Amino acid sequence: MSKEEKKLEIMKTALNLFAKQGFYNTTISDIAKEMGMSVGNMYNYFPSKESLAKELLIYTSKKFGEEIRKINEIEIPSKEKIKKIVELYFKMAKSEPELVDYFMRVYLSNKEIFNNGCEGMLCVSAFVTEIMIFFEEGVRRKELKNQDFFAAFGLFMGYIGGLAFLFREGILGKDLDEYIEPVSENIYNALKA
Amino acid sequence: MLSKPKIIWIDGVSCYGCSHSFYNYPEIKTLLQKIKLLYHPLFPTNEFKIQKCDLLVIEGAIKENFLRMDFDLIDLITQMIKLSKKVLLIGTCAVYGGIFGEGVLFNKNKKGIFFPFKDKIIAVPGCPPHPEWIAYAIEMLIENKKMLLDNEFRPKEIFSYTSHMGCIRNEYFEWKIDAKNFGEKEGCLFYEQGCQGPFTHSSCNKILWNEVNSKPRAGTPCFGCTERNFPKKNLFMTEKFMGIPAEIPIGVSKRAYLTISGVAKSLRNERLERKLIDEDN
């Protein structure tokens, strides 16, 4: 296994632990134990728990960004793109719930961990850039209303993030898939030109 | 001694702004001594007549059924282009149409009527072009020196730059700090005030106007006056789609531009957030 592959393995293990028990309740030795590695060897891959958290965020953002980029590159109206993005997000929330947990419970709730090197949008720019391109092209094609970026971004990501959170809390009465249609419709109605 | 190169300068639909710009060339006397100016609409010259010349300069746009010196303008230009060794188009109207409509070489985004003569045409757009640009092109042409041209027939020496290059506000552009008002020393004019510098081909911030200044340096946005789509509307406002500039700097993909902008915005240059005059370090 190459060093990069090993790093990825460690990140996946850490992601699960961070998502399950939180950043502060997880120690490097917990991660090492889970990996079957020595703590000393762990430091060969990541100099600190914070740097591991930061790289995980960049990795997650890139992964999500790459998927949205694929949607951006399909020649379909913005309305259909919205549905594809919602679908993608909800599918991820179901198949890789630890990603959503990590984002909500670690990144958004413990910003102090990310103060050094993840300021502003630095570590999530891969994903935010794709959302920007999606909005910009929608407005350019006169399908979406020209408005403040964050007013639109908050409405879109806050809404689907909130639904995914409720799903993880076990509060939703129905399966998350059943919300794809109505949620996409609501987002489109709020953003359309 | 060889005879001086013969130049005829004619005007189409024009405001004479390009001629007036040329008057401001500091070495104009020296330049005029090198040539034989057979006709110019404003300089004291002989009456115009159709004749051969080494260099034909055209200022102003073209228009059908438009009389100039008792000739139909299009006929006049057709005859004169054929009789001239080289043709220099001065100003955005002559090159692309500009303010007055249709250009000699281009009609905004399309090829113009005289495009077939492209091999003898040099284009120096601008509203007006800088006097140094006009003089540079004339000097090079009369001395038979080769000018490298871009695909719109503009001398690369002048137009391979953007007016953004050399702007003293470049640091504010890098850090995405807007100018809050016109005329302020601080801030970039690209994000709110409509500056077209990053995608306008010109050397306004290299060869300064009146040898001292440029519009963006003084706090007014670049209007993109050298470009084929000049004049646009709302010159003092940046068109944006969901907060993202509709036009981005040339040579970079939108994805790359947004990424680097996001990085710059996420970090801060505190010195540039203050008034320069309040800076003690």
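For the bookkeeping, residues count from 1 along each chain as its sequence is written, while chains are lettered from A and ligands numbered from 1 in the order in which they are written. As the model is predicted, local features need pLDDT of at least 70 and side-chain atom pairs pLDDT 80 or more, whereas totals for chains, interfaces and linings use all residues.

**View 1. Chain B as a whole, with 10 helices and 11 strands.** Helices (H or I, at least four residues) and strands (E, at least two) are DSSP runs, numbered from the N terminus. The C-alpha trace spans about 65 × 35 × 30 Å along its principal axes. Of the contacts in chain B with a separation of 6 or more, 70% link residues 24 or more positions apart; a contact means C-beta atoms, placed from the backbone, within 7 Å.

View 2. Buried here means 20 or more other C-beta atoms, placed from the backbone, within 10 Å of a residue's own. Across the 281 residues of chain B, 40% count as buried.

**View 3. E1(B) beside strand E2 (residues 36-39).** The two pair in the parallel sense over 3 bridges; pairing takes at least two DSSP bridges between the strands. Look for B:Lys6, which stands opposite B:Lys36 in E2(B).

**View 4. E1(B) beside strand E3 (residues 53-59).** These strands also run parallel, joined by 5 bridges. Here B:Ile8 stands opposite B:Leu56 in E3(B).

Technical notes: A residue is buried if 20 or more other C-beta atoms lie within 10 Å of its own, exposed if 12 or fewer, and partly exposed in between; C-beta atoms are placed from the backbone. Two residues are in contact if their C-beta atoms, placed from the backbone, lie within 7 Å.
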